[in-house]
Each structure stands twice: as structure tokens, then as C-alpha cells.
Amino acid sequence: IGNLLGQGIQQAAQFRTLSFSRNQEFQADQLGVRYLAQAGYDPAASASMLAALGRADALELRMQGRDQRETPEWAKTHPNSASRVQQAATLARQTGRSGTGLRNRAQFLSQLEGINVDDDPAQGIIDGRTFTHPDLRLQFSIPTGYLMQNGTDAVSISGGSAGKAQFSTGRYNGDMQAYVGQVLQELTGGKTQLQVVDQRQTQINGIPASYVIARAQTSSGVVDVSVFAYEFSRDRAYHFVMLTQGGTGVGPFTTMVNSLRRITTTEAASIRPKVIDVVTVRPGETVQSLAGRMAYRDYQLERFATLNGLTSASRLVPGQQVKLVVYGTRR
């Protein structure tokens, strides 16, 4: 959590290393194409792999309400997928072996059967804008346009300049005021002076909650630091830490802090891991019919098409092998 305040400072340093990072990525692509060709594989596979990653990234951004075009290439640490795909394809053609060589598709697909995908339910799962942890029996949703990343100790939420947040837990002895104070202390390391502008106790979806909104003067200007904590039991609490522009308080994260709720035993039991299932297309099956078997509540067609490098208009051929994401069994 202590890294949250430092992210704004780190961002400035990143811009100074962009060129170096892009050169490294391009060099890696060059070597990758060369190694594929020398090993007897189709060097064009590098471009197709990068294109698949680009489609997956674009879909993930779309599902979380963002546009992959919002950040220009020059402002990214790594070159965007379109540039890398184009270069990899050019390099493959220059080898004179593009479109030839070993691909081993059937063997590759057989190795994918049963592999876990997405999050491990034991660590909580992200589904679009919703985070659910079946073992902790909780769920919350982030605002449209924000991105979420699940880590071992915290869930990070980012909305660019609009604000950043993290969801985590800490030691709790039944004193919510002391808990919130400890979170603030850990966040600042005692090195940043905070001015409390609002604090109170409330209830969110039947859960006792406390929050503090404080203001800090940083090298980047005034920043609001908010802690919203929830008492799940006398010895267990969770909290959001939020950084927003000075004067906005919880602001863009209001819907998020109000969305946290307990989930039922039935809801928790229904959450299972997702695994790859390689199936053979049967006569009459279409992209649409197979997409309906994907283990997701939304974007089934888009997910299926992205996973298999297809479009909604693609025609499947009986005997063709495609990948599905289906529910597995929790251990």
C-alpha cells in the first residue's frame, strides 16, 4: 500500500525510459523471429502471437469500459501491438520462410486441454468490473472506465489521472478508528503531513464502516487520501485506500465503496475455476452456438472469437478444433 503515493513520482521516471524499453521490445521480437526460423518453425507465428495478445488486451479494456486508443504509443512503456505485429510480420518475410515450417497446432492444442485460465478463486476473481472472493465471502464493483488488477496482497484499481485505489486488509482488534489510523500511517510512512477534512461512521449494505478523508500537499499538487474500512467481524476488517485530486474526496469511487457486500454461501459455492476445453466442431455448429458455452456472463461471443482468432462472421468447418473456456472443479 505504501507504494500507492509513490506511483505518481514513478510515472515521471517512466517517461525517461520509454525509448530504451521500446528498443528492448523490438530487439526481442527480432531475436524471436530469428530463433523460430532457425529452429524450423514458421517465423510468421511471432506476428500471429503478438496479434492475439493485442486482441486480448483490447477486449479486456473494452470489458472494463476503456478504449485502447486513449493512451498514445509514445506514452506507453512498450510499443503497442499494432506496431509490433507489423514489424514481426516484416521480419518474418525477410527470412524467406514466412508461412512455411512447423506449427504443431494439434499437439499444441492437446497441451492446452484442462489448463486453468483467469483468476484462481482461492485468490478472488475479476469478472469485468466486479471482484468476488468466495472464501472471504465478499464482492465489490469498480466504476466504469477503471482497470482492476488482482495481486496476492491487494486488488489495485486505476483510472489514470482520475484516481487510484487499492482494496486490502490488515490487523484488526475491534477498534475501527485505530484500524483506519494504522492504514493511514502505513500509507504515508509517517513522512507526509495529512489534514483530516472528514471522518465518520456509517453502514454499507448492513456492514459497519468507517471512513476518513484527508488532504496532502505533494510535489504534484494537492491530493486527497481516503480510507474506507469495513468491519466483517470482531477480528476481521477490510478497506479501500483511494488517491484522488485535491477537493474531490472519495469522488469517483463513491459507487465502488458503496458496492461492497457479503455474498451468500450459495453464491460462494457457485464460483469455480475456469479451464480450457478443446472441442471438435460438429456439423451445424457456429461461432455463435459455441460461444454460448463459454463460462462467462457477458461478452461470450467476443471472448470466444478473441480466444480463437475468429470473428462473428467466421464460418466453422466440421472437424475443426477450437478452444472453449468452461467451468472446472474447485479443489
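1. A quick word on terms first: axes are lines fitted to C-alpha atoms, for helices over the stretch in contact, and angles run from 0 to 180 degrees between N-to-C directions. Helices (H or I, at least four residues) and strands (E, at least two) are DSSP runs, numbered from the N terminus.

2. Please keep in mind that this is a predicted model, where local features need pLDDT of at least 70, side-chain atom pairs count only at pLDDT 80 or more, and totals for chains, interfaces and linings use all residues. Residues are numbered from 1 along each chain as its sequence is written, and side-chain values use heavy atoms, leaving out hydrogens and water.

3. Have a look at helix H3 (residues 45–63) and helix H10 (residues 300–308), whose axes come within 9 Å and cross at roughly 165°. That makes the two roughly antiparallel (an angle over 145 degrees). The contact (heavy atoms within 4.5 Å) is made by Arg-55, Ala-56, Leu-59, Arg-62 and Met-63 of H3 with Glu-302, Arg-303 and Thr-306 of H10.

4. Now the sheet: seven strands form an open sheet in the order S5-S6-S7-S11-S10-S9-S8, with antiparallel pairing (two strands pair if DSSP finds at least two bridges between them). Its edge strands are S5 (147–150) and S8 (194–204), each pairing on one side only. From one strand to the next, the twist averages 15°.

5. Leu-194 stands opposite Ala-216 in S9. Helix H6 (residues 176–188) packs on the sheet, and its direction makes about 140° with that of S10.

Conventions: Angles under 35 degrees count as roughly parallel, over 145 as roughly antiparallel, 65 to 115 as roughly perpendicular and the rest as oblique.
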